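Q: Hi! I'm new to this one. Could you walk me through it?

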Amino acid sequence: MTSNPKATILYVEDNPENRMLVRRILMSQDYALLEASDASDALNVLKKEQPDLILMDINMPDMDGYTLTAKIKAMPGFERVPILALTANVMRGDKEKTLEAGCDGYIQKPLDIDQFIREVERFLLRRANA
């Protein structure tokens with residue numbers, strides 16, 4: 001982890017390979033990364049940490065990302081933390097369902113690394129300017 005990260009990002013993802021890929025991408029861009037493998041793990045992290053951005057997998061075994069997003073947005077102090085869905089759900093209506101659930105943005109898997117970095121930076125900049 002870098003000594004002076006650009007921002008701290010929580011990535012909620014049950015797939016270890018996806019977590020490793022995102023970890024490599026974000027750490028190469030000087031971001032600090034918090035990781036959670038499921039919803040309860042994510043909620044425990046959020047009791048101790050206040051990330052600048054949350055990346056949310058939608059399809060998880062214990063609680064889906066839609067439900068977890070709604071829970072996080074209802075927590076005091078987390079209403080304005082951007083949540084970006086990272087999902088393989090790319091059928092018609094999936095993006096709209098993700099946004100209706102409270103996610104602020106939507107990034108398709110498999111990741112286009114350049115687009116992924118641009119989206120992360122765009123939402124962090126938007127939060128900084130809010």
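Predicted model: local features only at pLDDT ≥ 70, side-chain atom pairs only at ≥ 80, totals over all residues.

Q: Great. At what angle do α2 and α3 cross?

A: Helix α2 (residues 39–48) and helix α3 (residues 65–73) cross at roughly 20 degrees, and their axes come within 11 Å. That makes α2 roughly parallel to α3 (angles under 35 degrees count as such). Helices here are DSSP runs of H or I with at least four residues, and axes are lines fitted to C-alpha atoms over the stretch in contact, with angles running from 0 to 180 degrees between N-to-C directions.

Q: Which residues meet there?

A: From α2 you have A39, A42, L43 and L46, and they meet L68, K71 and I72 in α3. The residues of this contact divide into six nonpolar, no polar and one charged. Contact means heavy atoms within 4.5 Å. Ala, Leu and Ile are among the nonpolar types, while Lys is among the charged ones.

Q: And how do α1 and α5 pack?

A: Helix α1 (residues 16–28) packs with helix α5 (residues 113–128) at an angle of about 65 degrees, with the axes 11 Å apart. V22, I25 and L26 of α1 make the contact with I113, F116, I117 and V120 of α5. Those residues divide into seven nonpolar, no polar and no charged.

Q: New topic: is R19 buried or exposed?

A: R19, which is found in α1, is buried, with a relative accessible area of 16%. Buried means under 20% relative accessible area, exposed over 50%, and partly exposed in between, using a 1.4 Å probe and protein chains only.

Q: What does R19 touch?

A: Leaving aside neighbours within four places in sequence, R19 is in contact with Y11, E13, D14, E35, A36 and S37. The R19 side chain reaches the backbone oxygen of E13 at 2.7 Å.

Q: Last one: where is D64 found?

A: D64 is in the loop between β3 (53–57) and α3; strands are DSSP runs of E with at least two residues. At 31% relative accessibility, D64 counts as partly exposed. A polar atom of the D64 side chain lies 3.0 Å from the backbone nitrogen of Y66. D64 and M75 are 11 residues apart along the chain, and their C-alpha atoms are separated by 17 Å.

Conventions:
Residues numbered from 1 in each chain as written. Heavy atoms only, no water. Parallel < 35°, antiparallel > 145°, perpendicular 65-115°, else oblique. Polar contact = N/O pair within 3.5 Å; in protein donor to acceptor, adjacent residues only side chain to side chain.
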